[in-house]
Amino acid sequence: MVTIDPISLNRGPSSRCPECGARISGGLAGCEAMYHEVVKREFAESTYFVVHNLTESAYTLQHPHEHMYTPRLFAAGLCKFTWLMEYRADAIIGESLKQWLSFERPYELITPPSFRGGLTIVEVYNAPNAPNHVKRVKRWAAEVWDAYAAYQGLGITWIEQSRKLNLPG
Ligand SMILES: [Zn+2]
């Protein structure tokens, strides 16, 4: 079993988020505040909301010590992102995945990658309009997904296990 590296998260004033590496005033707290602004924007307008799931997943996977700090949360975060990136957010697969994730099972504790993509919430926050926001979120998500390349197979394996729940018989 691998354990998540203990990381000394700097919660005080800082110019860099220790999770995603964004240069941002307030460090992690500043990064989270910016993320909440972006989410507010997405909920306010449907033209922004179309990529909300991607925004949420990309941010989660870039901040694993904040949002995927237990084996179960890691599995849920990785599976959701895999479902979005590799299964086109298929509704039927999503339903079996939700069921599969609700079962208790001994998930492995997994160490996230140390580099988690060059783009961050800052680039998304600075998008000048909705079409550009959508484009930036997709590019950001693709970068994060690339950074998790070594974990994609595990995400796919878990989703394929969840799909067996719906097999006839
Ligand atoms: Zn961050």
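A residue is called buried if 20 or more other C-beta atoms lie within 10 Å of its own, exposed if 12 or fewer do, and partly exposed in between, the C-beta atoms being placed from the backbone. The model to which this is applied here is a predicted one, in which local features need pLDDT of at least 70 and side-chain atom pairs count only at pLDDT 80 or more, while totals for chains, interfaces and linings use all residues. Residues are numbered from 1 along each chain as its sequence is written.

The protein chain has 169 residues, of which 33% are buried. Its secondary structure consists of nine helices and zero strands, where helices (H or I, at least four residues) and strands (E, at least two) are DSSP runs numbered from the N terminus. Two residues are said to be in contact if their C-beta atoms, placed from the backbone, lie within 7 Å. Among the contacts in the protein chain with a separation of 6 or more, 64% are between residues 24 or more positions apart.

We can now turn to the interior. A nonpolar core is a set of buried Ala, Val, Leu, Ile, Met, Phe, Trp, Tyr and Cys residues joined through C-beta atoms within 7 Å. The largest such core has 34 residues, and those with the most contacts inside it are Cys31, Ala58, Cys79, Ile121, Ala141 and Val144. Two or more residues of this core are given by each of α1 (27-44), α3 (52-62), α5 (71-86), α7 (121-125), α8 (130-147) and α9, and the largest share, eight residues, comes from α5. Ile121, leaving aside its neighbours within four places in sequence, is in contact with Ala22, Cys31, Met34, Tyr35, Val38 and Tyr59.

Helix α3 deserves a separate look. It is mostly covered, since eight of its eleven residues are buried, namely Leu54, Thr55, Ser57, Ala58, Tyr59, Thr60, Leu61 and Gln62. The elements that cover these buried residues include α1, α4 (64-67), α5, α7 and α8. Is Gln62 buried or exposed? Gln62 counts as buried because 28 C-beta neighbours lie inside 10 Å. Beyond its neighbours within four places in sequence, Gln62 is in contact with Glu19, Cys20, Arg116, Gly117, Thr120 and Val144. The C-alpha atoms of Gln62 and Pro113 are separated by 9.3 Å, although the two residues are 51 residues apart along the chain.

Finally, consider how one pair of helices packs. Two packed helices are described by the angle between their axes and the distance between the axes. Axes are lines fitted to C-alpha atoms, for helices over the stretch in contact, and angles run from 0 to 180 degrees between N-to-C directions. The axes of α6 (residues 91-102) and α9 (residues 149-163) come within 8 Å and cross at roughly 95°, so the two helices are roughly perpendicular to each other, a description used for angles of 65 to 115 degrees (under 35 is roughly parallel, over 145 roughly antiparallel, and the rest oblique). Ile93, Ser96, Leu97 and Trp100 of α6 make this contact with Ile159, Gln161, Ser162 and Arg163 of α9.
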